[in-house]
Amino acid sequence: MRIGIDLGGTKISAIALYPDGRERARARRPTPRGDYAGTLAAIAGLVSDIEAETGRQGSVGLGMPGAISTKTGRVKNANSTWLNGKPLDRDLARELQRPVRVENDANCFALSEASDGAAAGLASVFGVILGTGVGGGLVIAGRILHGRDAIAGEWGHNPLPWPKDEERPGTNCYCKKFGCIETWLSGPGLARDAGAPDGKSVVEMAGAGDTRSSAALTRYTDRLARALATVINVFDPHAIVLGGGLSEIAALYEEVPDLLPRYVFSDRADTPVLPPRHGDDSGVRGAAWLWGSDEADEGLP
């Protein structure tokens, strides 16, 4: 049995999977915001709940909004700031009395969709998060590509490519740069462009005939195509899977593929852009799949 944990800013979700990917159990608790010790205890409580319900011990994988630094062995870049600087993987292993695999939540999303999701069976996958922030994960032959410094897939903090005059210099980003892809393609970025309260409202208003919202969605689609074209030029994945709240915009799957040939450096640009098969469950399922069926998993509980 594989247990996956998705550590979010407001809630912590847990799922248990059979070896074939079928769901066995699930549980949820609120995130103790700002409380590191409380967060560890909540995760341990969820694992205990799952194992009490199933009567079995499982491996544990955790997805979080950040990464384990290859330099310090501690959390970096987490917007759940109380995690930053903490040895989360080691502390959880001690709390649960077993090895724990901790991974960036976008990587977990990509792994889920590559394992038994929309891109199952494909050799390479780029998983995209379009939500409050913009992130990504790369999976090759069923394995997450981390890179030397554990930042592979962080496309959201590159500048928007081929900017138009009205897009320069761009909005300041929390990473202390400006014009980042995240500032344009996140939910708040779309809302700002349309003068709407949030990204969901832009879609609803455009559907109701609001011209400013419709124009903002047209710009958004073109910006997404430009940003994905640079990923294709560098990585050339066999598929791109979109996740996060904005992945529910149906038009993206029709319009972005048609725009890609304008920007991809090739005589063809037919990379599939796919919706996620597992929706909001992809992150927590990917955390469970951090323990795969390979030699590294010998001794799996």
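User: Which residue in E9 is the bridge partner of Val125?

Analyst: This is a predicted model. Strands of a sheet pair through backbone hydrogen bonds, either parallel or antiparallel. Here, Val125 has Val139 of E9 as its bridge partner. The two strands, E8 (residues 124-130) and E9 (residues 134-140), run antiparallel and are joined by seven bridges.

User: What packs on the sheet there?

Analyst: Helix H7 (residues 211-235) does, touching E8, E9 and strand E11 (239-243). The direction of H7 makes about 150° with that of E8.

User: What is the strand order of the open sheet, and which strands stand at its edges?

Analyst: The order is E10-E9-E8-E11-E12, five strands with mixed pairing. The edges are strand E10 (143-144) and strand E12 (273-274). Each has a single partner strand, so one side of each is left without a neighbour in the sheet.

User: How do I read the faces of a strand? Take E4: which residues lie on each side?

Analyst: In a regular strand the side chains alternate between the two faces of the sheet. In E4 (59-64), one side holds Ser59, Gly61 and Gly63, and the other holds Val60, Leu62 and Met64. Both faces are covered: six of the six residues of E4 are buried.

User: Which strands pair with E4, and in what sense, parallel or antiparallel?

Analyst: Strand E1 (residues 2-7) pairs with E4 in the parallel sense, over five bridges. E7 and E4 also pair in the parallel sense, over five bridges.

User: Now helices. Which residues of H2 are buried?

Analyst: An α-helix has 3.6 residues a turn, so residues three or four places apart point the same way. In H2 (residues 88-96), the buried residues are Leu88, Asp91, Leu92 and Leu96. They cover an arc of only 120° around the axis, which puts them on the same side of H2.

User: What do the buried residues of H2 pack against, and what follows the helix?

Analyst: They pack against helix H1 (36-54) and strands E4, E6 (75-76) and E7 (100-104). Gln97 follows H2, with a positive phi near 60°.

User: How many residues of H3 are buried, and what caps its N-terminal end?

Analyst: H3 (residues 105-116) is mostly covered, with 10 of its 12 residues buried. Among them are Phe109, Leu111, Glu113 and Asp116. The cap is Asn104: a side-chain oxygen lies 2.9 Å from the backbone nitrogen of Ala106.

User: What distance does H3 reach from its first C-alpha to its last?

Analyst: H3 reaches 17 Å, close to the 16 Å expected at 1.5 Å a residue.

Notes. Residues numbered from 1 in each chain as written. Predicted model: local features only at pLDDT ≥ 70, side-chain atom pairs only at ≥ 80, totals over all residues. Heavy atoms only, no water. Helix = DSSP H or I, 4+ residues; strand = E, 2+ residues; numbered from the N terminus. Expected span 1.5 Å × (residues − 1). Buried < 20%, exposed > 50% of the residue type's maximum accessible area, 1.4 Å probe, protein only. Polar contact = N/O pair within 3.5 Å; in protein donor to acceptor, adjacent residues only side chain to side chain. Arc of directions from axis to C-beta. Contact = heavy atoms within 4.5 Å. Pairing = 2+ DSSP bridges. Axes fitted to C-alpha atoms, helices over the stretch in contact; angles between N-to-C directions.
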